[in-house]
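The sequence and structure come first.

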Amino acid sequence: MTATSSPSVTDLLHAAVSAVGGSERLGQVTMAEAVAAAIDDGSHLLVQAGTGTGKSLGYLVPALAHGERVVVATATLALQRQLVERDLPRTVDALHPQLRRRPQFAMLKGRSNYLCLHRLHEGVPQDEEEGLFDPLESAAPTSKLGKDLLRLRDWADETESGDRDDLTPGVSDRAWAQVSVTSRECVGASKCAYGAECFAEAARERAKLADVVVTNHALLAIDAIEGAPVLPGHEVLIVDEAHELVSRVTGVATGELTPGQVNRAVRRAAKLVDEKAADALQTAAESFERLMELALPGRLEEIPEDLDHCLMALRDASRTVISSIGNTRDKSVQDEDAVRKQALASVENVHAVAERIVARSEYDVVWYERHDRFGASLRVAPLSVSGLLREKLFSERSVVLTSATLKLGGDFNGVGASLGLAPEGVEGDDLPSWKGVDVGSPFDYPKQGILYVARHLAQPGREGNRTDMLDELAELVEAAGGRTLGLFSSMRAAQAAAEALRGRLDMPILLQGEDTLGELIKNFAGDTRTCLFGTLSLWQGVDVPGPSCQLVVMDRVPFPRPDDPLMSARQRAVEDAGGNGFMSVAATHAALLMAQGAGRLVRASGDRGVVAVLDPRLATARYGSFLRASMPDFWYTTDRNQVRRSLSAIDAAAKAEGK
């Protein structure tokens, strides 16, 4: 087919939309044309596409029409599934008559997401996992862990993918750890007795042959950071749910040391090196454990001298162990390759993190964290990932980033800066050129929703009992007849609100953590009188259209905690450079969460409801207008009587329709 007779992207989109039984939307057409133009001229594009735009078709159609390999990276499992199981098969079928080819697609995740046959059949290398697994519990087939492992064995015989996410119901992290390996622990297909049947290798081979590879943000980050390519070469990268990318990349670029992890490395290496090397690592591990017992949570602006000495000892001892790991001294050890690989992976991680902290890079933030169950950990994270993203993401290929929330405070520059992009339109030799497009939403936000700010409430303090807020919440939920998604700034606040309202209202209040996310959402959607409470950060993927969700409540503006070591360090760095640290870090963080939270309300053209923010600062503070400009354009009020009347009317209308 010649270039001149190639079908236009609008014709192809029309065919794809018809095939999935949808209706074409202006925003979707605008998006598809903008994506096609960016791909054609190798430039970069940020697209804000509101809920209901149909953005996956808006990027898949031009990507498939392009003909070169495309990688699509998403943040949530739900969207990966939707793309591979629904959107891609239908779109490929719909475009086949016009494209005259049938593009192949595949899913690719990190190695530890796939069942490892070597681990399953040979067992975890004997590593005396003291404190991690109770040997009696592990052995008992009646225990939760034992049952999970038996189910995994049965599943291994029938699964084609070996992908953990295809196993339903799922198993615990503890059980999965017994049958999976990280890429560092893998002995390699050529050395492995099960290499020919390996699920992870098969997924990689499928990805190499595919025109579209669907992956997750974490694997994209590993591909960029580690230097060893995991993803096959590609011309175009599409990042969906792009508002999540910076936090996922930060997570991958964060190193951690815990006493348990260091002790595990010592145990794993002990059989493989001479006594002197093993003793040096053991001694360093013991002094690290003693220090961590006294560690107080918070940022370490300077590395204390005792910690510095201890980390140097860990670094040097692990370097010696790495260079001297040889054949096992203990002749009873089975499966030497796996034992050696697992030991190396553990010791290399200890070495890398200790060396990184000792190096005292001005671009790293170091802090202690304390966890009720897991004790203390020492962590190191990059102050910013923007330079890394600019260099690794935008240099080799055309990149399209899309989400319902990329414009914060009215423009793309805040999100752009976090990705390493200069303000839109600023040109420079090493500055990636990009443009931002907002294709709007098919919903009529001012008619479908109300943004209510409870201006009369007291300003929330850091701690303290917000009885006025709980009274307001109870009245709003009652007026709405249930139908409420409560998004709270902390788990403690969500629990307190659930407890208070369960005592006051005669309607079911579900609480995050009391069941799996899937079950909670199913029960919430299934009964209109039911309310669902949880933390704001974990509810970004909730999609409950219709009368079950007609009131979304946020208890307060979700600024990062003042003692959050990484956020406060980032804020100070912006201030030191002459910028406004509060606006570019704290307010931007809050704006993103509030935009995502408010986006839970209107999921379909018939949805009606209220987003209620029980924090007067959204109405009274200087930054309030920035936060409101980041949220959907709902009708705005601070009139509490008006909002109760509206909620009662919406409830009555839903009941009249029998919902």
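The charged end of Arg 628 is placed over the ring of Tyr 636, at 4.7 Å from the ring centre. The model is a predicted one, and the values below are computed from it.

**Aromatic pairs**

The count of aromatic pairs comes to 7. Two of the pairs share Phe 559, and their geometry is tabulated here.

| Ring pair | Distance between centres | Angle between planes | Class |
|---|---|---|---|
| Phe 559 and Phe 582 | 5.3 Å | 55° | tilted |
| Phe 559 and Tyr 623 | 5.2 Å | 85° | edge-to-face |

The Phe 559–Phe 582 pair is tilted because its planes, at 55°, fall between the limits of 30 degrees for stacked and 60 for edge-to-face. The planes of Phe 559 and Tyr 623 stand at 85°, so that pair is edge-to-face.

Phe 559 lies in the loop between strand 16 (551-554) and helix 22 (565-576), whereas Phe 582 belongs to helix 23 (residues 581-598), so their pair ties together parts 23 residues apart in sequence. The pair with Tyr 623 links distant parts of the chain, 64 residues apart. Tyr 623 is in the loop between helix 24 (617-620) and helix 25 (624-629).

Phe 582 has 27% relative accessibility and counts as partly exposed, while Tyr 623, with a relative accessible area of 14%, is buried.

Elsewhere, ring pairs join Phe 443, Tyr 445 and Phe 634 into a cluster.

**Helix 2 and helix 3**

Helix 2 (residues 26-41) packs with helix 3 (residues 55-66) at an angle of about 35°, and their axes are 8 Å apart. The crossing of helix 2 and helix 3 is right-handed. On the helix 2 side, the contact is made by Gln 28, Met 31, Ala 32, Val 35, Ala 36, Ile 39 and Asp 40. Helix 3 contributes Lys 55, Leu 57, Gly 58, Tyr 59, Pro 62, Ala 63 and His 66. By class, the contact between helix 2 and helix 3 has 9 nonpolar, 3 polar and 2 charged residues.

**Helix 10**

The buried residues in helix 10 (residues 217-226) are His 217, Leu 219, Leu 220, Ala 221, Asp 223 and Ala 224. Their cover includes strand 2 (70-74), strand 4 (212-216) and strand 5 (236-239), together with helix 11 (245-252) and helix 16 (386-393).

Technical notes: Residues numbered from 1 in each chain as written. Predicted model: local features only at pLDDT ≥ 70, side-chain atom pairs only at ≥ 80, totals over all residues. Heavy atoms only, no water. Axes fitted to C-alpha atoms, helices over the stretch in contact; angles between N-to-C directions. Helix = DSSP H or I, 4+ residues; strand = E, 2+ residues; numbered from the N terminus. Left-handed = near helix turned anticlockwise from the far one by under 90°. Contact = heavy atoms within 4.5 Å. Nonpolar A, V, L, I, M, F, W, Y, C, P; charged D, E, K, R; others polar. Phe/Tyr/Trp six-rings, centres within 6.5 Å; stacked < 30°, edge-to-face > 60°. Buried < 20%, exposed > 50% of the residue type's maximum accessible area, 1.4 Å probe, protein only. Lys NZ or Arg CZ within 6 Å of the ring centre and 35° of its normal.
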